[in-house]
Amino acid sequence: MTDDLLALKAETDAALAAATDLRAWDAIRVAVLGRNGTLTGLLRDLGKTAPDQRRERGAALNQFKDALNAAIEIRKIALEAAALNARLAEEKIDVTLPPRPRPLGLIHPIARTMEEIVAIFGAMGCTVSDGPDVESDWYNFGALNIPAHHPARADHDTFYLPAIGEKPPPVLRTHTSPVQIRTMLMQPPPIRTIVIGRTYRADHDATHSPMFHQCEGLIIDRGLTLGHLKGVLTDFLRTFFDISNLPVRFRSSYFPFTEPSMEVDIGWNRKTGELGKGGDWLEILGSGMVHPRVLANCGIDPREWQGFAWGMGVERVTMLKHGMADLRPFYESDIRWLRHYGFNPLAPTMLHEGV
Amino acid sequence: MKFSLSWLKTHLETEAPLDTITDTLTRIGLELEGVENKGAALAPFRIVHVREAVQHPNADRLRVCTVDTGDGTVTVVCGAPNARTGMKAVLATAGSTIPADGSVLKVGEIRGVKSEGMLMSAREMGLGDDHSGIVEVPADAPVGASYAAWAGMDDPIIEIGVTPNRGDCFSVRGVARDLAAAGIGTLKPFAPAKIAPVFDSGPHWVNNFPETCSWILGRTIRGVKNSPSPKWLQDRLISIGLRPINALVDVTNFFTMDLGRPLHVFDVGKLTGETLTLRRGAGETMLALNGKEYTLTAEDCAICDAAGVQSIAGVIGGQPTGCDEQTTAVFVECALFDPVRIALTGRRHQVVSDARQRFERGLDPALMTDAIEAATALIIELCGGAPGAVTEAGAEPAWQRDATMRFARIASFGGSDIPADEAVTSLERLGFNVRHRDAEAVTVAVPSWRNDVAGKIALDQHPDLDGEKAAAAAEGCETIEPENDLIEEVLRLRGLDAVTAVSLPQSGPVPAATLTPRQTRAALARRTLAAQGLNECVTFSFMAAAEAAPFGDTTDSLRLSNPIAADLDQLRPTPIATLAMAAKRNAARGYADLALFEVGPAFDATAPHGQRLVAAGVRAGSSPRGWASAVQAVDAMDAKADLWAAMAALEVPIEGIMLTQDAPSFYHPGRSATVRQGPKTILGRFGELHPRVIGDLGLPGPMVAFELDLDAVSDRKRRRKSAPDLSAFQPLRRDFAFLVDTTVAADAVLRAAKGAERTLIAGVTLFDVYEGDKVPVGKKSLAIEVIFQPRERTLTDAEIEAACQKVIAAVAKSTGAALR
């Protein structure tokens, strides 16, 4: 390269280095490579060069042009990067700002427990049956072998509604068992069903609420024994509480609508409330083989069909599972309690995700 | 029922420890409810003789006592002012726990003198507050004996729950019998001797109400001296919480508990005439032993002398003829009353007595004569006197019956492998007598006290059952019930824990759907509403009638006859009512911005079964405060959005929805709507609550609400979807601003625009609503974006212009709109 070219190169390099934005850079580019640019002028002047030197000069000019082009392009990339960086720096936000609120509500613990119960018994082939909250005396008591004079009626603390005509007054169902009767009248055996819903008793203190929820089960088939009753409830309790070796005890008891009747206890520690260990027993549900009178009241021949039924308090198992101390807040709708104990609606109970 | 261990042991010969007895009670269905054992804490304390008490050499207030414990002598330093030579006291030796503070006593040295124990005050033993000195025991108390035993405080009180079927265990003897059958000791014989009468006069029975009383006995005892009972009898009654009254009354209470055999005693001197008549009540009023007056109905059984009603049979006796300390002649009544009639009388008059409790569960009919002899013997023992002849009316009913059990059913019903021999032995131990046995089955005679086994079967079959089916079922019950009764006994004695648990056989390779479509709707609505930011509540189905009234029809037929509280007497017309009150409670706690919902019943006398399943919600206050957007008060459109989200989740076709502005009166009339599907179906409602309702109930305002009737939503259809129309051409968007009367519904404009060119228009969006000074009064501007979706080729400018004109014309035609 000749001196004039070297000088021009040095001059351009210096100018490029001094350019701090794309506008200055573009002025240099035009000044060198533009129509009236220095390099364009030199190329134009090539024709005036003596023919014997033209080849050499041409080669030198081409080399020089490539070098200039590269230098200009490199500077452009650098300036663009700097400009982007400057913009990014300017666009910086405070990432610690709280996100825009998109409130998600929560599912009530009673509904959650119901879902879990349904999932587990559903896996055993049960459907869910419904019935009304206001029941006739016959469905709530008579059909279930609890005649008007029965001492068990005294334990039920029944709410009554005004009588219509000569019939006994309707009641708020004291248990979910009337739905057993409705199911047996509607569908011939075999039957595998559970009933979950509101039940009512005139009792109100720290451990009793005038409205509460029960889960009832009814399984009727040929050849089902008390052993199956124990199996179903043991399987359920261990799955529900997620304790595979939860101790489960069955004790003789009495309910008018089952025989034999059993109270079911689970092992726990009375002092700590921890389930599954501790050597104490906690009564958790009632159960039994469906009484032949109940079957017969629904037109089912007990010589052919037998089965079992159970009932448990939804709140009670919820409180045990989650270590909740007090029953009353369940119905209070205190938003602080709901937010504390509520469940994510987008994570419903699914057996394959674990109960 | 309560009884003491020593009382139990008057019927049961056993050495079994208390724990074994109580565990067995629970196992065989007599659930232990509690054991009170004062004696346990006192067990280490013995009665001692203070041989010498001398002044402590180094302390003015202390004495050094040399104490004879019965098997040696120990030295005790004692500070009690009453510690003195020759007294008898109670000693705690080193290692004992002091009940008052739980500390463990150690051998110590007090001011240089060794002390090997402590003489106890009442307070230190946890027996009261007396700490003025050590307990002084009478001189005749045996040295070395357990203080608790000597003082009668070592007798544990056992309380069990007796289930309604086990009337026989409402007695100490019945419990003893069941325990003996379960292998805890042997039942002592009970065979009171017949007492020969020495006269034959006094009241006799006339039974004019045999439906209530099948058999009744009575006996006069003359020349009795009634006074307080002896200590043993008083102790027995006090131990189970009964108040001793006088010997004659105490005897009846004793047998009520001991044999489960209620008795009644009349003071013969206060009776008028020579007969006691059982008859229907006739409106008479009687002053009862509890001091209350009862007016008898024709369904009650009255026991009357010539002067009138003296007792309500089986429930409570009358005060005027009761026995007191002046009684010299007593008439003992021992009757067999009908359980159902006694239960109904007891309930009618709301009397809960020990007698009623036992009568209504059924008594042992074979115990009548033994009971009256035992009672006579005890009365003569305590009060002296001469027995008269037993008078009776009616006769022992035929209670004898058999029951048969097929051995195979122990396994096929009971799930148990108990062998036939063991099963039969269990029944025999319980008092069943084998009448016939072969390889397949056993037939036993049911003991007189077990009226829960093979009893009379009363069915209450549904009236609409097919006659043949009903008869077969009833016949099946006759066979199966007595057999199940016996299997229950066999399983009960072995313990139900001995039955092996068997998992339920699968009903199919994969279970069918668990929920019905309606139940699935409820679940989906619940999840969807929670995902909209509403928190799920569970509120009571009942509320105060006055608070329910603004929310709908509060008919009397949905008002409780016996509410637990005045503010929980009316079944709610809609969950919105209870949710609104919940919002009010939260606002009072300082949480006024709320979004609550519930899926539950709305009670409506006109609905099938009187209720509808609804998903309802309320929002109150404002949107959450935040840096990114301004706070906005909730409005009707928030409730609409919630409702629309739920309907979308339930796949309600929104296109077919119609809104009418006739929501119930608790809504703001101009800011609410009824959501209809077709001419008849009301799916739900939404809107702002009426300011008057907010004011009257003191609700936090503004408040908006919605409800979706899940019973009105139709089941989801599993229809196959048609293939989607995914055009290859870009859509065109054009904006239009229309000027319409303010009364024109936005929906009308949107529908008209959309209908202008159905094949071309893929969507219409309302993006601006303006009312104000830039438009004429009475007008509003609605700006919409219309999306044209070409399908076969790009549209030409002329085609686009034509389509736009169609939109303008269609909107103008149906709403009177003009392009702005």
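Predicted model: local features only at pLDDT ≥ 70, side-chain atom pairs only at ≥ 80, totals over all residues.
1. Residues are numbered from 1 along each chain as its sequence is written, while chains are lettered from A and ligands numbered from 1 in the order in which they are written.

2. In helix H2 (residues 18-27) of chain B, the buried residues are Ile21(B), Thr22(B), Leu25(B), Thr26(B) and Arg27(B), where buried means that 20 or more other C-beta atoms, placed from the backbone, lie within 10 Å of a residue's own. Helices (H or I, at least four residues) and strands (E, at least two) are DSSP runs, numbered from the N terminus. The cover over these buried residues includes strand E6 (248-255) of chain A, together with E3, E11 and H5 of chain B.

3. Chain B also holds an open sheet of seven strands with mixed pairing, in the order E27-E30-E31-E35-E34-E33-E32, and its edge strands, E27(B) and E32(B), each pair on one side only. E32(B) pairs with E33(B) in the antiparallel sense over four bridges, pairing being defined as at least two bridges found by DSSP between two strands.

4. The contact takes 92 residues from chain B and 84 residues from chain A, two residues being in contact if their C-beta atoms, placed from the backbone, lie within 7 Å. On the side of chain B that touches chain A, H13(B) gives the most, with 14 residues.

Notes
Buried ≥ 20, exposed ≤ 12 C-beta atoms within 10 Å, placed from the backbone.
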